[in-house]
Amino acid sequence: MIRLFVGLDLPGDLAERLAGLTAGLPGARRIEPENLHLTLRFVGEIDEATAADLDLALTRVEAAPFTLTLTELGLFGDRHRARTLWRGVEASPPLRRLAGRIEAAATRVGLAAETRRFTPHITLARLDSVRPERLQRALAVPPPPETLAVEAFTLFQSHLSPHGAQYERLVSYPLTA
Ligand code: 3AM
């Protein structure tokens, strides 16, 4: 079995700048720059044969390159405990289209359809049950504008460990005009 997800890789300089946004935040366990990514489709544990089918289906996904705009900082969690700090990404039509085609590829190879709404984001830090109000001041400052030129998407393997997950880039699928 192999634990996979499909996402967008980030150029190293952008990843470094994004990682810098969470420096010094209370209770934040920062995601290392080399692990930063945007998840397009979480796959989870699948067998090697299905992984090979998924790889083939992903090579057949067609989409033109596009540019993404990064947006605000935000939190997942609830009113009492923030769990995840992220930088938002504009859910533009080309991004939704690409995610939709990847979803179609995933269901074609027999994976269960994703039922949750697509909320594109780049997770910057996991939070150890921080009260959201402790982060309000940091979140109120708009982060410097950033864009991301999307010229490929990536199949990642997620390696879980007590020290946090490591994400290995397995295959890059170029977008072509
Ligand atoms: O890209 P982010 O960091 O938001 O939380 C996991 C991570 O999200 C998420 O998939 C990304 C790559 O591991 N993830 C982990 N388990 C998941 C699950 N069961 C999941 N997403 C949906 N369902």
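**View 1. The lining of the largest pocket draws at least two residues from each of β1, β3, α3 (93-108) and β6.** The model is predicted: local features need pLDDT of at least 70, side-chain atom pairs count only at pLDDT 80 or more, and totals for chains, interfaces and linings use all residues. Residues are numbered from 1 along each chain as its sequence is written, and side-chain values use heavy atoms, with hydrogens and water left out. Helices (H or I, at least four residues) and strands (E, at least two) are DSSP runs, numbered from the N terminus. β3 gives the largest share of this lining, 6 residues. The pocket's volume is about 720 Å³. In total, 26 residues line it, and Thr39, Arg41, Phe42, Glu114 and His121 are the closest to its centre.

A pocket is found on a 1 Å grid over the protein atoms alone: it is an open set of points where a 1.4 Å probe fits, with protein on both sides within 12 Å along at least five of seven lines. Lining residues have an atom within 4 Å of a point. Grid points are joined across faces, edges and corners, and a volume is the space filled by probe spheres set on the points.

**View 2. The ligand sits in the largest pocket.** To sit there, more than half of its atoms must lie within 2 Å of the pocket's grid points. Around the ligand are Arg3, Phe5, His37, Thr39, Phe42, Arg116, His121, Thr123, Arg126 and Tyr167. Each has a heavy atom within 4 Å of the ligand. β1 (2-9), β3 (37-46) and β6 (121-130) each supply at least two residues of this shell. By class, the shell has 3 nonpolar, 4 polar and 3 charged residues. Ala, Val, Leu, Ile, Met, Phe, Trp, Tyr, Cys and Pro count as nonpolar, Asp, Glu, Lys and Arg as charged, and the others, Gly among them, as polar.

**View 3. Thr39, Arg116 and Thr123 place polar side-chain atoms by the ligand.** For Thr39, the distance to a ligand oxygen is 2.5 Å. For Arg116, a ligand nitrogen lies 3.4 Å away. For Thr123, an N or O atom of the side chain is 2.8 Å from a ligand oxygen. The protein covers 69% of the 480 Å² of accessible area that the ligand has on its own (Shrake-Rupley method, 1.4 Å probe).

**View 4. The second largest pocket holds about 280 Å³ of space.** Its lining includes Arg29, Arg30, Arg126 and Tyr167. β2 (28-30) and β9 (166-174) each give two or more residues to this lining. The classes come to 4 nonpolar, 4 polar and 4 charged.

Technical notes: A polar contact is a pair of N or O atoms within 3.5 Å; within protein, one must be able to donate a hydrogen and the other to accept it, and residues adjacent in sequence count only if both atoms are side-chain atoms.
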